[in-house]
Every structure is written in structure tokens, then in C-alpha cells.
Amino acid sequence: MSVAPPSAPVGASAGVQAAAFANDERIYFSKEANAWRLEQDDGPELEFDAAKGAWVPLVDEDLVKRQQAAYAVEGVDEETPAAPVLARENKKRKDPEDYTSQSGLLSIKRGKVDKKERPPTERKSKNTAVYVTGLPFDTEMDEIVERFSKCGVIEEDEDGEPKVKMYAKDDGTFSGEALVVFFKEDSVLLALNILDEAELRFGDSSSVMSLSKADFTHKETIAGPEGVKPRKILDKKKATRRIGKMQKKIDEWNDEDGFGPSISPEESAAAMANQNSRVVVLKHMFTLEELAEDATLLLDLKEDVREECSTLGEVTNVVLYDKEKDGIMTVKFRDPISAKACLLRMNGRFFAGRRIEASLFSGRQRFQRSGAGGDVEGEGEEGEKKRLDDFAQWLLAEGEE
């Protein structure tokens, strides 16, 4: 007796179904029927009915045809409808009188365009790949996988290897160009937003990458016997297990921040406190000595940081804490997702020879600046007035020299 197949709840999503059926080698996904099917060892093939949440016997069309042939009557065409049915169909087929100027395009009853006359819409396939250039010639695949996996789950091939193609020159050496294939289309947009013009290796300006959506329209069509590109033979069971594995990786990603695998319970408790934070804290952006030497540095830094971070989302406030020896600045965004994107881009980058540390504001830190309290939300009128007065004095001193 065969083992009972796994099931999924009524109305379960495609991802839930894929995860539930991934470990059973008897189950595969039929693209023609757009449904999951089960090959039983001692019984008929079954199909999963998502609306019922149960496996139902699959109708064998060949068996139905054989049964129809066995009961067929000689001289009678089984394909022809009965006389009453045929009469009704002929009545429906009569063309209605056209009262419109555009014959055949508008329906007399509703005045709408006839669906049969509408041109078929072209179905667009999803593009989950990014094309990368500017990579160092000594780049390893592990570096690419580690950097790009911050933006989403990377697709895997049948052998479980990440789908990252590194292009080679004629002599076999790496050309500095690569193709990275993600599992989800949203990961492409995130990678373009975060990693385009970013460094593969933090602090190495020679490893700045350029990203673009992969374009496959230039690929030559390989003609087969009938002028059609031959389709690759796909093992349905392996493909099903691979899709289930990818779906599990997505489920393992941390729901608190949406970036990277799940963290430990201890870290999760801390992450929950600032999961919706819209403020990013940047350390080591300046030194107190630099601020004392150049009065314009404060304004220049704030302008530069605002301009850089505005590429990730709408920035509502930038604050520089001129009494913090760690060179603290905070950037406040309109939404949390932009703050998390800023965290990914800024953390670990080098600025003026110093490595930036970026983190989300937890609500407990208190930073000091001239003429203001220890908050990170506003600009303090007294402190701003004092800084402007100091700047005016510096301009006067420059003019006298």
C-alpha cells in the first residue's frame, strides 16, 4: 500500500503548495495543466485541487476515447450535435442587424468592442537577471554570491549551484562581466537601486560595479527541424524539488527586516524594537578636529549625505552631531524600506579613509550637538542660530585676510 501523499490547505498559495510537495518525489508540477500531479505506484494518476484542498483522480482522455469508440454506432457522427441543439446553435449564429457605423467592432447590446475582434495581448516573461560589469579580474564567484544575496535569493541550477555566470575572454581569463539570476523579479529592482555604482569589495575603488537589467533580445534563435528553437528536456521532479527549495529559502528570510536569512532569537528581540525605524545612524563621518578647522564642513557634509541618500528614497532630515567624537550623523527617511536600503549601501563603506558604521536608530541612543538636546528628530533653533553666527564670523575673518 502506497504512502498517503502530502496535502495543502484549501486555497493555499503557489508558494505554500510548492513547499508542501517539494520533498515527495512522486509529485511534479504540470505546466500544461497548471496544477500539481501525483504518480501513484499502485493506482491512477492524481491531480491536486487547490479549491478543495484534496487530490482527485485525473481524467484519462485516451481511456475516454476508447470507451466512446466501443459504444459508437456505425454511420453516426459522434461529433455532430443532436438536432435540437444544432437548431439552437444555428439560431445563435445569425448575424444581428448592424446599426453602427463601425461594422463588426461594436456590440449592439452593450456598445462595447467585441472581444473576438480584440488583438491578442503578448504575454511578457519575467526578467529576474542582472548584468554586471566592472568587476575585478580576480573576482571569485563566492564574492559575487555573498554581495548579491543581500538583495534576494539567488536562483539555483539542478545541481544546487547558484546561477551566476562569469564571462571569460578568448584566452579563458575572466572578463569582469557576470550575469546573476535571482529567484524573484523584485530582487532585480533592489539590486539596481543598491549595488549599481557600488563597490564589490568595501574600500576598493577599483571594484565599482555597474548593473543593468539583463537583455536577452539579442540572442540568436537556434532553428530546429521546423524552424523552431528546440526545447530543453526538463526533469519535472527535479524542477519541483528545486522550486520548493527556493521557496523555503524565501520563507527563511527574516520578516523583520526583509534582508538576509533569519537571525538568532536574541538578535530578533532587538531587531523587533527598530524594525520600522526610518532613521539611520552613521558613525565615523567626521572628526571634531576637522569641524574645528573648517567651518563649512558641517554644511557640506549634510548636503553631500542628503544628496547620496536621496537616491534611495525621500530624505526628510539630516542631522550632524558636532559634539560626538565618533562623528555621528543621522538620516531620516519618509519610509522604513528606504532606511534599510541606506543601511545596506552605507555600512562598511570608506569615507575620507574611515570605515562607516551604519545602523538603524533603536530609539534609545542619545547624541549631543551644539545648542540642542540629545534627540535625533529635529534641528533645535538655538543650535542652528549659533552655527549660522559662527559661520558668519568665519566668513568675516576670511574676508579680512
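Start by selecting Arg37, which is buried at a relative accessible area of 17%. Buried here means under 20% relative accessible area, while exposed means over 50% and partly exposed lies in between, using a 1.4 Å probe and protein chains only. Before going on, keep in mind that this is a predicted model, where local features need pLDDT of at least 70, side-chain atom pairs count only at pLDDT 80 or more, and totals for chains, interfaces and linings use all residues. Residues are numbered from 1 along each chain as its sequence is written, and side-chain values use heavy atoms, with hydrogens and water left out.

A salt bridge is a side-chain nitrogen of Lys or Arg within 4 Å of a carboxyl oxygen of Asp or Glu. Helices (H or I, at least four residues) and strands (E, at least two) are DSSP runs numbered from the N terminus.

**Second stop: the sheet around them**

Color the strands β1 to β4 next. They form an open, antiparallel sheet in the order β1-β2-β3-β4. Its edges are β1 (27–30) and β4 (54–57), each pairing on one side only. On average, neighbouring strands of this sheet are turned by 40 degrees against each other, direction ignored. Strands pair if DSSP finds at least two bridges between them; β1 and β2 are joined in the antiparallel sense over four bridges. To see one of them, select Ile27, whose bridge partner in β2 is Leu38. Then show helix α1 (residues 14–21), which packs on the sheet, touches β1, β2, β3 and β4, and makes about 20 degrees with the direction of β2. Contact means heavy atoms within 4.5 Å, and these angles run from 0 to 180 degrees between N-to-C directions of lines fitted to C-alpha atoms, for helices over the stretch in contact.

**Third stop: two longer links**

Jump to Arg201 and Glu143, whose side chains meet in a salt bridge of 2.8 Å, N to O. Arg201 sits in the loop between α5 (186–194) and β8 (210–213), and Glu143 in helix α4 (residues 141–148), 58 residues apart. Glu143 is partly exposed, at 26% relative accessibility.

Next select Glu290 and Arg354, another salt-bridged pair at 3.2 Å, N to O. Glu290 belongs to helix α8 (residues 288–293) and Arg354 to strand β13 (residues 354–355), so this pair ties together parts 64 residues apart in sequence. Glu290 is partly exposed at 28%, whereas Arg354 is buried at 17%. The whole structure holds eight salt bridges.

How many disulfides does the structure hold? It holds zero, a disulfide being a pair of cysteine sulfur atoms within 2.5 Å. Select Cys309 and Cys342 to look at a pair of sulfurs: the one in Cys342 is the closest cysteine sulfur to that of Cys309, yet at 3.9 Å it is too far for a bond. Cys309 is buried, at 1% relative accessibility. Cys151 is buried too, at 5%.

**Zoom out**

With everything shown, you have eleven helices and 14 strands in view. Buried residues make up 31% of the 401 residues.
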